[in-house]
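I opened the model to look up a few residues, a pocket and a core. My notes follow in the order I made them.

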Amino acid sequence: MGTMNYMVAAFAPFEFLSLEDLKWLPLNGCSGSVVEFDRICRGLSQQQRQSRLEEVLCDYLGYPLNLDIFESHLLALFHYGASLNKDIKARVKRNLDVWCRDGRKVIGNLSVAGFIQWFEGLWKQRNTHPFYLNWSEHVRQANLEIADLKQSLGLSNDACPLAAPEETEVPAALQFMVDAFSKPPVLPDNVGDNESTIGYCSIVTAVRDRNA
């Protein structure tokens with residue numbers, strides 16, 4: 001997800017983005033996603049974090065699910081204090097029962113009961129999960145990597161983010177960003193179920209529309 005890192009280095013913070021906009025992007029190996037996820041979460045109330053946890057557990061219904069991305073978003077939300085209480089579990093189960101009433105699976109071969117058992121287990125065992133335990137370090141390293149990237153692009157870390165890339169003179173390393181914002185992103189024919197590509201394109205669209 002190098003492109004997301006360049007976007008964050010050049011134009012972040014994206015004040016208009018939400019966690020919903022980041023839902024297809026990995027929090028493993030993508031510093032830009034981690035930086036924005038952390039910034040957004042810190043600005044949310046506890047109730048908003050709780051609401052987002054419930055949304056995440058239902059958001060992927062009907063979509064091909066990358067379990068690693070899904071798991072990383074849940075664990076990060078747990079880190080910021082979102083908790084899996086009985087009310088959330090009950091509402092999620094009702095939604096799943098409706099969606100899977102014809103016997104379809106939630107994820108892979110997981111039935112509704114299997115999926116609930118999986119995310120309950122993730123919640124109960126979060127304190128032993130390396131990603132959860134090391135989240136603060138992930139955030140620190142991500143911020144350092146974005147700062148280094150800004151420096152490599154000739155952008156000052158204490159300067160204001162660039163405006164929408166409309167100037168005719170930009171650093172050569174950012175020319176592809178100008179191209180990305182100059183027209184709607186086009187998904188390649190072979191994108192298939194690649195959530196990261198879909199997520200990147202949706203964010204490019206959001207940034208372009210914001211600055212239109």
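I took helices (H or I, at least four residues) and strands (E, at least two) as DSSP runs, numbered from the N terminus. This is a predicted model, where local features need pLDDT of at least 70, side-chain atom pairs count only at pLDDT 80 or more, and totals for chains, interfaces and linings use all residues. Residues are numbered from 1 along each chain as its sequence is written, and side-chain values use heavy atoms, with hydrogens and water left out.

Entry on Thr3 and H1. I found Thr3 in helix H1, residues 2-11. For exposure I used relative accessible area: buried is under 20%, exposed is over 50%, and partly exposed is in between (1.4 Å probe, protein chains only). Thr3 has 26%, so I logged Thr3 as partly exposed. From C-alpha to C-alpha, Thr3 is 8.8 Å from Gly32, and the two are 29 residues apart in sequence. H1 itself is mostly covered, with seven of its 10 residues buried. Among them are Met4, Met7, Val8 and Phe11.

Entry on Gln50. Gln50 sits in helix H3, residues 46-59. I noted Gln50 as buried because its relative accessibility is 10%. For contacts I required heavy atoms within 4.5 Å. Not counting residues up to four places away in sequence, Gln50 touches Gly81, Ala82, Ser83, Asn85 and Ile88.

Entry on the core. I counted a nonpolar core as a set of buried Ala, Val, Leu, Ile, Met, Phe, Trp, Tyr and Cys residues joined through side-chain atoms within 4.5 Å. Which members of the largest nonpolar core touch the most other members? Of its 54 residues, they are Phe37, Leu57, Leu74, Phe115 and Trp135. The elements that each supply at least two residues of this core include H1, H3, helix H4 (67-79) and helix H6 (112-124). H6 gives the largest share, seven residues. I then looked up Leu57: leaving aside neighbours within four places in sequence, Leu57 is in contact with Phe70, Leu74, Leu84, Ile88, Val92, Phe115 and Phe119. In soluble globular proteins, nonpolar side chains tend to be buried together.

Entry on lining. I checked which element gives the largest share of the lining of the largest pocket, and H8 does, with four residues. For pockets I used a 1 Å grid over the protein atoms alone: a pocket is an open set of points where a 1.4 Å probe fits, with protein on both sides within 12 Å along at least five of seven lines, and lining residues have an atom within 4 Å of a point.
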